[in-house]
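Here are my notes on this one, as numbered points. Have the sequence and the 3D view open while you read.

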Amino acid sequence: MSHLPRIGLNNILAGLIVAVVALPLCIAFAIASGASPMAGLVAGVVGGAIAALFGSSRFQVSGPAAAFITVIAGIIASHGFPVLLAATFCAGLIVIAIGALKLGRLMEFMPHPIIVGFTTGIGLLILIGQIPVALGVAAEGDDALAKLGNALADIHLVRFQEIAIVGLSLAAALLWARTRFAKWVPAPLMALVVGLGAAELIAAQGLSVSTVGGSYSMSLDGLGFSTDFFGTILANPNAVLLAALTLGLLIAVESLLAAKALDSLTNSTHDPNRELFGLGLANVAVPFLGGLPVSGVIVRGSTNVMSGATNQTSAFTHAIFLGLFVAVLAPLVARLPMAALAAVLFLTAMRLIEIHEIKRIHRIGAAEGRLALLTAALTVAVDLTVSVPLGLVLTLVLVLRRMLTQGSVAIRERRGVNVADPGSHVTFLTSPRLRPQIEEALLNDTKSVQALDMSRVSAVDATGLSMVGEIVTRNDGLDVWVATAEETAALRHAGVPDERIHVLGNELVPLREVFAAIQSDDATALAGAKTP
């Protein structure tokens, strides 16, 4: 457990502001995932508190995340809520194991186009999934696209009072976000306040409005400690483990990326492995109370920073305030219109859909831009278990293709002789291009190449060294230059004679002459063991 620093009034205030931001998001994300609002609130309270106590980041705030919505919705739709609880528990153990094995840094090596494409796809799915709610049309289907199709087929059943609430809530939130007061009263909360007021006025006119309480129980009596999900692990192990792997990797990547972004924002540092331990422990705990998976969330973390937080006690106090809100405001939450929550999710989707960033990536590199678009499209059309792995594979293919085209040999004069410089990489990827260029230069009498200058080589493998050994063996007048003496042993094993290996110091040093001079203990000979 990490040591909690002095709380301070600034951290209490920051915790209060973040709790106000988190309240509507916990409710909206849970409902969009097909779970009860209480499942999201339990995750925010219990998971947020444990992650703050045992994590490493000073500014990270954990809870339900938008990136999990489609994954959780798919698990619940396919296997039921007990499988989600079991998968969350196992995912927590996986995250703890990743941290214990010191693999936290590896989770941060996620290509930027894949992250942007994935988050954009998630944003599109959230947007698509809330259109039926905004229209007031009950839509059935296995995924968001199917539900949208069914909703459009029943467009004649649209409820204009729901559209009015969504419109008013969105307009209020967008206008409020442009004021200086948005720092203290977040735009999503303003969307709920205006939506609730509009719903009350519409209900007073005798029109029905879909509310949270009409679809879900907000009673605290249903909360309790349960281990029933353990039986699900044994009854349906394949579904549980597959879902756990997906959730575990998503928790680790999402949380560490958020923590890294907060480090950049605050010029601070965190221990990724300890951060994973805290998050893993949080996910192990929340299923016992029926909570959703928990990860670090950049929106709450950045709000925490902007609200004046200085350490992780603000994240812990956020969980306390969120718990107090649940206890006091549960009856009011039950009266919230579903359309207002749809407006909150529309706002979330707008933040996640990064069209401008995809355009910027495309300007940097067209291939990466297309990769981001493909990842987004696959996330929407299939799911992230396909889009992210395929995106990673295609990224590696792009990298390998570029490395295969990078090998080129420069012929230049150095220290009075012509040398062939193979660049920085002499590996199995570049050797097929380097070998013919070196051999052509050696056959060209006008170039008179006398040495292979490997002093700039930073990456070399057995294939590259074997190629060097073969070329040197076939060309008696060719020497090899290296930057340090540590590189000579591998060259000798590749078949390059000692007398043809030269270490570049202040001048070229023939190793055989140096060794002979050292053995003879002749200072004059040692001083003269150099190539002019």
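1. Which helix gives the most to the lining of the second largest pocket? H11 does, with 11 residues. Before going on, a word on the ground rules: this is a predicted model, where local features need pLDDT of at least 70 and side-chain atom pairs count only at pLDDT 80 or more, while totals for chains, interfaces and linings use all residues. Residues are numbered from 1 along each chain as its sequence is written, and side-chain values use heavy atoms, with hydrogens and water left out.

2. Back to that pocket. Its volume is about 1100 Å³, and of the 41 residues that line it, Ile115, Phe118, Thr119, Glu254 and Leu257 are the closest to its centre. On a 1 Å grid over the protein atoms alone, a pocket is an open set of points with protein on both sides within 12 Å along at least five of seven lines, and a cavity is a set where a 1.4 Å probe fits but cannot get out; lining residues have an atom within 4 Å of a point. Points are joined across faces, edges and corners, and a volume is the space filled by probe spheres set on them.

3. (Helices are DSSP runs of H or I with at least four residues, strands are runs of E with at least two, and both are numbered from the N terminus.) The lining has 30 nonpolar, six polar and five charged residues. Here Ala, Val, Leu, Ile, Met, Phe, Trp, Tyr, Cys and Pro count as nonpolar, Asp, Glu, Lys and Arg as charged, and the others, Gly among them, as polar.

4. Phe225 and Phe288 are stacked, 5.1 Å centre to centre with 0° between the planes. Phe225 sits in the loop between helix H9 (212-215) and helix H10 (229-235), and Phe288 in the loop between helix H12 (272-285) and strand E2 (295-296), so this pair ties together parts that are 63 residues apart in sequence.

5. Are the two partners buried or exposed? Phe225 is exposed at 62% relative accessibility, while Phe288 is buried at 14%. (Buried is under 20% relative accessible area, exposed over 50%, partly exposed in between, with a 1.4 Å probe and protein chains only.) Phe229 and Phe230 make a tilted pair, 4.7 Å centre to centre and 35° between the planes; Phe229 is buried at 3% and Phe230 partly exposed at 32%. Ring pairs link Phe89, Phe225, Phe229, Phe230 and Phe288 into a cluster.

6. The domain assignment, which is automatic or from a database, gives domain 1 (9-355) and domain 2 (410-520). Their C-alpha centres lie 58 Å apart.

7. On to some strands. E3 (residues 410-414) and E4 pair in the antiparallel sense over five bridges (pairing takes at least two DSSP bridges), with Ile411 opposite Ala420 in E4. E4 also pairs with strand E6 (residues 449-453), in the parallel sense over three bridges, and there Asn418 stands opposite Val449. Four of the five residues of E4 (residues 417-421) are buried.

8. Most residues other than glycine have a negative phi. Lys102 has a positive phi of about 60°; this residue is in the loop between helix H4 (81-100) and H5 and is exposed at 62%. Arg415 takes a positive phi near 55° in the hairpin of E3 and E4, which has two residues between the strands, and is partly exposed at 37%.

Conventions:
Phe/Tyr/Trp six-rings, centres within 6.5 Å; stacked < 30°, edge-to-face > 60°.
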